[in-house]
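Dear colleague,

I am pleased to hand over the structure shown below. Please keep it open beside this message while you read the notes that follow it.

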Amino acid sequence: MSHSYEVLASEEVYAGRVISLRRDTVAMPGGAESVREVVHHPGAVGVVAIDDQDRVVLLRQYRHPLGEHLWELPAGLRDVDGEPPVEGARRELAEEVQLAAEHWSLLATAYSTPGFCDEKVLVYLAEGLSPVDRPEGFTVEHEELDMTVERVPLADAVQQVFDGTIRNALAVIGILAAAQARATRPRLRPVDAD
């Protein structure tokens with residue numbers, strides 16, 4: 001019989017611009033209690049944008065916690081109230097790489113670090129790419145001023161995952177899922193799935 005992990009007490013420790021941290025006291029099997037620190041994150045979306053030449057759009061962006069540049073997919077926070085995730089993915093694709101896509105599918109849903117964080121990431125496949133202007137009011141700033149955008153053959157991107165060149169978890173998940181989807185044609189979920 002499954003145990004119900006009831007939260008007995010919860011205390012906010014920190015509230016920041018993007019994340020917050022709380023300390024939960026949780027009822028454990030056998031009657032014990034345990035304290036769990038939980039990082040709350042609004043969630044994110046990522047886009048595996050593949051062009052008609054079977055190339056994936058990648059960004060090279062500086063990530064301060066690691067002190068290095070990483071190859072990534074176009075991606076961003078789910079920080080617009082009421083915005084459906086796929087609309088956030090469309091917005092991020094236009095903001096970061098000035099592209100739109102005709103065809104969208106949901107490739108994968110992942111919890112990035114479920115041992116301590118509730119971040120849920122939805123990874124979309126975008127095909128039928130065309131150039132667009134950045135959305136009105138969007139300003140390129142901070143690390144985005146230093147971003148490099150490249151189109152890499154999907155097979156090469158897969159090899160870069162195995163070589164360790166691509167290490168961003170969202171990019172690893174998205175690239176491998178897209179390659180598998182291209183190879184086996186599984187039934188992908190609709191864009192409004194979770």
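**Gln98 and other turning points**

Gln98 sits in the loop between helix 1 (85–97) and strand 8. Please bear in mind throughout that this is a predicted model. Although Gln98 is not a glycine, its phi is positive, at about 55°. With a relative accessible area of 32%, Gln98 is partly exposed.

Arg185 can be viewed beside it. Arg185 lies in the segment after helix 3 (169–184), and its phi is near 55°, a positive value in a residue other than glycine. Arg185 counts as exposed, because its relative accessibility is 62%. A positive phi is also found just after helix 2, where Gly164 takes a value of about 90°.

Which residues of helix 2 (residues 154–163) are buried? They are Leu154, Ala157, Val158 and Val161. These residues cover an arc of only 105° around the axis, and therefore lie on the same side of helix 2.

The face turned away from the buried side of helix 2 carries the exposed residues Ala155, Phe162 and Asp163. As for what covers the buried residues of helix 2, the list includes strand 4 (44–50), strand 5 (55–63), strand 10 (148–153) and helix 3.

Three strands, in the order 1-2-3, form an open sheet with antiparallel pairing. Strand 1 (7–15) and strand 3 (33–40) are its edge strands, and each of them pairs on one side only. From one strand to the next, the twist averages 20°. As a general point, strands of a sheet pair through backbone hydrogen bonds, either parallel or antiparallel.

How many bridges join strand 2 (residues 20–27) to strand 3? There are eight, and the two strands run antiparallel. Within this sheet, Arg23 stands opposite Glu37 in strand 3.

**Salt bridges**

Glu11 is in strand 1 and Arg23 in strand 2, twelve residues apart, and the pair links distant parts of the chain. Glu11 is partly exposed, with a relative accessible area of 43%, and Arg23 is partly exposed too, with 30%. In general, side chains of opposite charge can pair when their charged atoms come close.

The structure holds 13 salt bridges. Another of them joins the side chains of Arg182 and Asp54, at 2.1 Å from N to O. Arg182 counts as partly exposed at 25% relative accessibility, as does Asp54 at 33%.

A further salt bridge is formed by the side chains of Asp194 and Lys120, at 2.4 Å from N to O. Asp194 belongs to the segment after helix 3 and Lys120 to strand 9, and these distant parts of the chain are 74 residues apart. Are the two partners buried or exposed? Asp194 is exposed, with a relative accessible area of 54%, whereas Lys120 counts as buried at 18%. Salt bridges that share partners also join Asp79, Glu83, Arg91, Glu92 and Glu95 into one network.

**One aromatic pair**

The structure holds one aromatic pair. The ring centres of Trp104 and Tyr124 are 6.3 Å apart and the ring planes stand at 70°, so the pair is edge-to-face; the cut-off for that label is an angle over 60 degrees. Trp104 lies in strand 8 (residues 99–111) and Tyr124 in strand 9 (residues 120–131), so the pair ties together parts that are 20 residues apart in sequence. Both Trp104 and Tyr124 are buried.

**Glu68**

Lastly, Glu68 is found in strand 6 (residues 68–72). Its relative accessible area is 36%, and Glu68 is therefore partly exposed. Leaving aside residues up to four places away in sequence, Glu68 touches Gln61, Tyr62 and Arg63.

With kind regards

How values were computed:
Residues numbered from 1 in each chain as written. Predicted model: local features only at pLDDT ≥ 70, side-chain atom pairs only at ≥ 80, totals over all residues. Heavy atoms only, no water. Phe/Tyr/Trp six-rings, centres within 6.5 Å; stacked < 30°, edge-to-face > 60°. Helix = DSSP H or I, 4+ residues; strand = E, 2+ residues; numbered from the N terminus. Buried < 20%, exposed > 50% of the residue type's maximum accessible area, 1.4 Å probe, protein only. Pairing = 2+ DSSP bridges. Axes fitted to C-alpha atoms, helices over the stretch in contact; angles between N-to-C directions. Contact = heavy atoms within 4.5 Å. Arc of directions from axis to C-beta. Salt bridge = Lys/Arg side-chain N within 4 Å of Asp/Glu carboxyl O.
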